[in-house]
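Dear colleague,

I am handing over the structure below, and my notes on it follow. Please read them with the coordinates open beside you.

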Amino acid sequence: MPATKDANIVKIAVEMTDQVPQLIEFNQKQPLAGIIQELCNGWNLTEPEQYALQFNENNNNNYITEKNRNEIKNGSVLRLQYSPSKTAQDILHKLNTGSPEEKAHAMNRLSTLSADMTFALDFINKQGLTLIIKQIESGKCKGTVLAHTLLSFVELMEHGIVSWDILNGDFITRVAGLVNTPQEAQVTQAALSILENVVLNSTEGYGQVEREIPIGSLVGHLQATPVVQQNAIALINALLSRADPTKRRTLAATLTSKQVRTVIQNNILQTGAAKGAEMAHQLYVLQTLMLGLLEQRMMTKMDPQDQDGHDKIKELRRIAFDSEGAGSMRGPGGFTRDYKKLGFKNDINPALDFTETPPGLLALDCMIYFARNHPESYTKLVLENSCRADEHECPFGRASVELVRILCELLKIGEAPSEQCVTYQPLFFTHDHPFEECFCICIVLLNKTWKEMRATSEDFGKVASVGREQIMRALETAPTSLDQLRNKLQSLTYSEITQLWQLERNTREEWESHAKPVVELREQITPDILGLIKQQRLAFLVEGTRFTKYSPRGQRIKDKFWYMRLSPNHKVLHYGDCDEKSVPSTEELPSKLAVSDIRALLVGRDCPHMKGRKASHQLAFSLALEGVDVQSLDCVAPDELALSYWTDGINALLGQRMQSKETEKDLDTLLSMEIKLRLLDAEGVTIPQDPPPIPPDPPHYQFCYDLK
């Protein structure tokens, strides 16, 4: 009978410079110190306490500790190196007393090792971070050495061991100087990253960065390499997010100027640099923050004493009806008739139309922008409706208020930027007033749709819903210019939208019959359909997902990703670091987690990595663990669909009910299709609400049927 295999023992190779590799059996239950002692004995090395094991993989050179030793698997190749403590001591010694070549070599090693939490802790405890800060402040480092110094600092700080508040003004001034002067790409890239973190995480640092970094300097970096461009936009976003409303408007005015828009267009949007996930995210954040400036007007009601608002309403009337200079001849009654023709709900006092928020005064701002900047289109639209019968005219005022509300909803104005979203609209970087220009295009479309539908005032809600659908579908194509948006909207006519709706209705039409036989059939096949959904969710987990990395403080780390997937036998989750485009196999993922070790699934506010944050992350979920060293495996899904699939899959593995909205949606769709298929033979037959009554028994059973 063969010997039973011990699951705690894995066979590995251990390498060391200038030594013959050793093949050993690594026992997970044996203390690491004992294993290192045996390896040192095999190579005749003294002082085993000065050595440590290290992973030897392309994307993983971390030191092995009691916490991550479970990531070692059969066939792994490890290295025996000096311990983190000794390595940190050696690097510090060379940085303090070594020759220029030795210092450069030590700094290069430091930039690589700093990403390892174990090493970073030892290095910081030995006052290494203080030395790095002093070296940056001194300004003596140049070129590649300076790049490695800054990169080491960024990596050490990203572990969250030390607060960003430790930095003084001299340090920030020195780093700001690197951004404001021409430097190597690596130096600029790291300096921008440092300043972004200072702005976001330091209580005092924002003011100094805002004073010392002119926006023109950052605009210049938008013409550099893709990573420098990305970090420059990230710093701009950080400055915008921390600025007060007045400064934010000043910054926005600069960013929407033609010069800056041309730089973004020519160097980012048209070169393909925006195709990367991180760059797309930064552009999305920039767009969201810029559009967020409209929130104040959107949430402001019109004050009866607001003279500026009343003047704008009068100007709307004057531009539309006083082109021949006859306005002074009109009395109050004439004004009321004009306001009615302009389509205000309250023609006696149109100011009352702007008391609802959203869209508040933003609607009036868009209307006056349309009238001033596109007077011919405005006059044509108003006068054209004035000539129609009252019930068939498209009310410009009422339609404008509703349209601005729709645009605010679709563009999510007033919402904080999501940390995962990568969807931005390129057309918003093509004009200094993109929102208002979108309104001008869409109000003409709404009037066109009104005519196509031959609508009356009672159909206002229907026209608005069609208009919303047209705009939503046009924006989904991410038009690159206002002309493209206009052309796309022109092609989405009312008849086109109704055809699309009909097609979608036919494909997802639910079986709404409440007949008892159909209800019983639904109950009978529901378990099979749920089994099918579970099978699909688990297949999604086996396929795996790329997640963005987050720091221990719950902050998103730029350009760092990890991948997690379920083993084909549904018993183990494999995970590990990856880059933006790779899809590693289970064998390439170093870490493993047995499904049996998952105690519970936590979502949103309950996740450990989201506690303490002002707003809980909508896409966060955590696997609470037991029986292993790590308390939880924390994730932030890339989108809502991935969140639904992962939470459903984990619940299925834990034997719990799948609770996401996607499950309800899929269940309804599949049930509807299955019931329709099963009832094909009953087509044309009216299914009664209740089964037919059983006829009474015959008076006697003395009868037979003659077959002849």
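In what order do the strands of the open sheet of three strands stand, and is their pairing parallel or antiparallel? In this predicted model, the order is S9-S10-S11, and the pairing is antiparallel. Strand S9 (598-603) and strand S11 (632-636) each have a single partner strand and stand at the edges, so one side of each is left without a neighbour in the sheet. On average, and with direction ignored, neighbouring strands of this sheet are turned by 15 degrees against each other.

Between S9 and strand S10 (residues 620-625), which run antiparallel, there are five bridges, and Leu601 stands opposite Leu623 in S10. Helix H26 (residues 640-653) packs on this sheet, where it touches S9 and S10, and the direction of H26 makes about 20 degrees with that of S10.

Strand S1 (residues 9-15) pairs with strand S4 (residues 77-82) in the parallel sense over three bridges, with Val14 standing opposite Leu78 in S4. Strand S3 (residues 51-55), by contrast, runs antiparallel to S4 and is joined to S4 by five bridges; here Gln54 has Arg79 in S4 as its bridge partner.

Finally, a word on one residue of helix H22 (residues 460-476), namely Glu476. Its relative accessibility is 60%, and Glu476 therefore counts as exposed, the cut-off for that class being over 50%. From Ser386, Glu476 is 90 residues away in sequence and 34 Å away in space, taken C-alpha to C-alpha.

Notes:
Residues numbered from 1 in each chain as written. Predicted model: local features only at pLDDT ≥ 70, side-chain atom pairs only at ≥ 80, totals over all residues. Heavy atoms only, no water. Pairing = 2+ DSSP bridges. Helix = DSSP H or I, 4+ residues; strand = E, 2+ residues; numbered from the N terminus. Axes fitted to C-alpha atoms, helices over the stretch in contact; angles between N-to-C directions. Contact = heavy atoms within 4.5 Å. Buried < 20%, exposed > 50% of the residue type's maximum accessible area, 1.4 Å probe, protein only.
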